[in-house]
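Here is a short report to read alongside the sequence and the 3D view. Keep both open as you go.

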Amino acid sequence: MRARLTAAVVIMHAIALGLSIPVLNNVVGSDSTGIPSTYLWVCFGLLILSGGVTRKSWGIYFGSIVEVVALAVSWSFVELLVLNVIFAALWIWAVKIGTKIDKDRNEAN
């Protein structure tokens with residue numbers, strides 16, 4: 001269950017980030033090829049990738065690193081930082097509750 005919950009969180013985070021990048025470019029006034037935009041698109045790709053590897057043994061660690069990277073990249077954009085903090089909190093919740101559900105299921109069997 002942990003893999004499903006965490007994959008859902010990072011995919012929704014990627015969708016929200018991908019939709020916010022063009023809006024952020026218009027608000028900030030930079031073009032879509034600027035350095036901040038490039039970092040954000042890389043984070044978008046890493047989030048999509050981490051959604052696919054959550055079932056691997058190292059997937060949760062990779063996803064956690066990607067969440068920290070997303071927070072670091074968005075540090076200079078307050079609006080984006082709020083969004084990423086919300087998704088980081090959801091990530092922590094998904095890891096904790098998913099692990100608890102998996103543990104309870106294993107004990108029941």
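## Helix 1 and asparagine 26

Asparagine 26 is found in helix 1, which covers residues 2–28. This is a predicted model. Is asparagine 26 buried or exposed? Its relative accessibility is 67%, so asparagine 26 counts as exposed; the cut-off for exposed is over 50%. Now look along the chain to serine 64. Asparagine 26 and serine 64 are 38 residues apart in sequence. In space, their C-alpha atoms are 29 Å apart.

Helix 1 has 27 residues. At 1.5 Å a residue, helix 1 should span 39 Å. Its end C-alpha atoms are 37 Å apart, which agrees. Where does helix 1 have a kink? The kink lies at isoleucine 21, shortly before proline 22. The angle there is about 30 degrees.

## The whole chain

How many helices and strands are there? The chain has four helices and zero strands. Read from the N terminus, the order of elements is α-α-α-α.

The C-alpha atoms fill a box of roughly 55 × 20 × 20 Å, taken along the principal axes. The chain has 109 residues, and 36% of them are buried.

## Aromatic pairs

Two aromatic pairs are counted. One joins tryptophan 41 and phenylalanine 44: their ring centres are 5.5 Å apart and their planes meet at 85 degrees, so this pair is edge-to-face. The cut-off for that label is over 60 degrees. Both residues sit in helix 2 (residues 35–52). They are three residues apart, so about one helical turn separates tryptophan 41 from phenylalanine 44. An α-helix has 3.6 residues a turn, so residues three or four places apart point the same way. Tryptophan 41 is partly exposed, with a relative accessible area of 36%. Phenylalanine 44, at 25%, also counts as partly exposed.

Tryptophan 58 is partly exposed at 44% relative accessibility. Phenylalanine 62 is partly exposed at 22%.

## Helix 4: length and surface

Helix 4 takes in residues 78–108, 31 residues in total. From its first C-alpha to its last it reaches 45 Å. That is close to the 45 Å expected at 1.5 Å a residue.

Which residues of helix 4 are buried? They are Leu80, Leu81, Asn84, Phe87, Ala88, Trp91, Ala94, Val95 and Gly98. Tryptophan 93 has its place in helix 4. Tryptophan 93 is partly exposed, with a relative accessible area of 48%.

## The salt bridge

Side chains of opposite charge can pair when their charged atoms come close. How many salt bridges does the structure hold? The structure holds one. Here the side chains of aspartate 104 and lysine 100 meet, at 3.4 Å from N to O. The cut-off for a salt bridge is within 4 Å.

Aspartate 104 and lysine 100 both lie in helix 4. They are four residues apart, about one turn of the helix. Aspartate 104 is partly exposed, with a relative accessible area of 38%. Lysine 100 counts as partly exposed at 48% relative accessibility.

Conventions
Residues are numbered from 1 along each chain as its sequence is written. This is a predicted model: local features need pLDDT of at least 70, side-chain atom pairs count only at pLDDT 80 or more; totals for chains, interfaces and linings use all residues. Side-chain values use heavy atoms; hydrogens and water are left out. Helices (H or I, at least four residues) and strands (E, at least two) are DSSP runs, numbered from the N terminus. The expected span of a helix is 1.5 Å times one less than its number of residues. Buried means under 20% relative accessible area, exposed over 50%, partly exposed in between (1.4 Å probe, protein chains only). Rings of Phe, Tyr and Trp (its six-membered ring) pair if their centres lie within 6.5 Å; planes under 30 degrees apart count as stacked, over 60 as edge-to-face and the rest as tilted. The bend at a residue is the angle between axes fitted to the seven residues ending there and the seven starting there.
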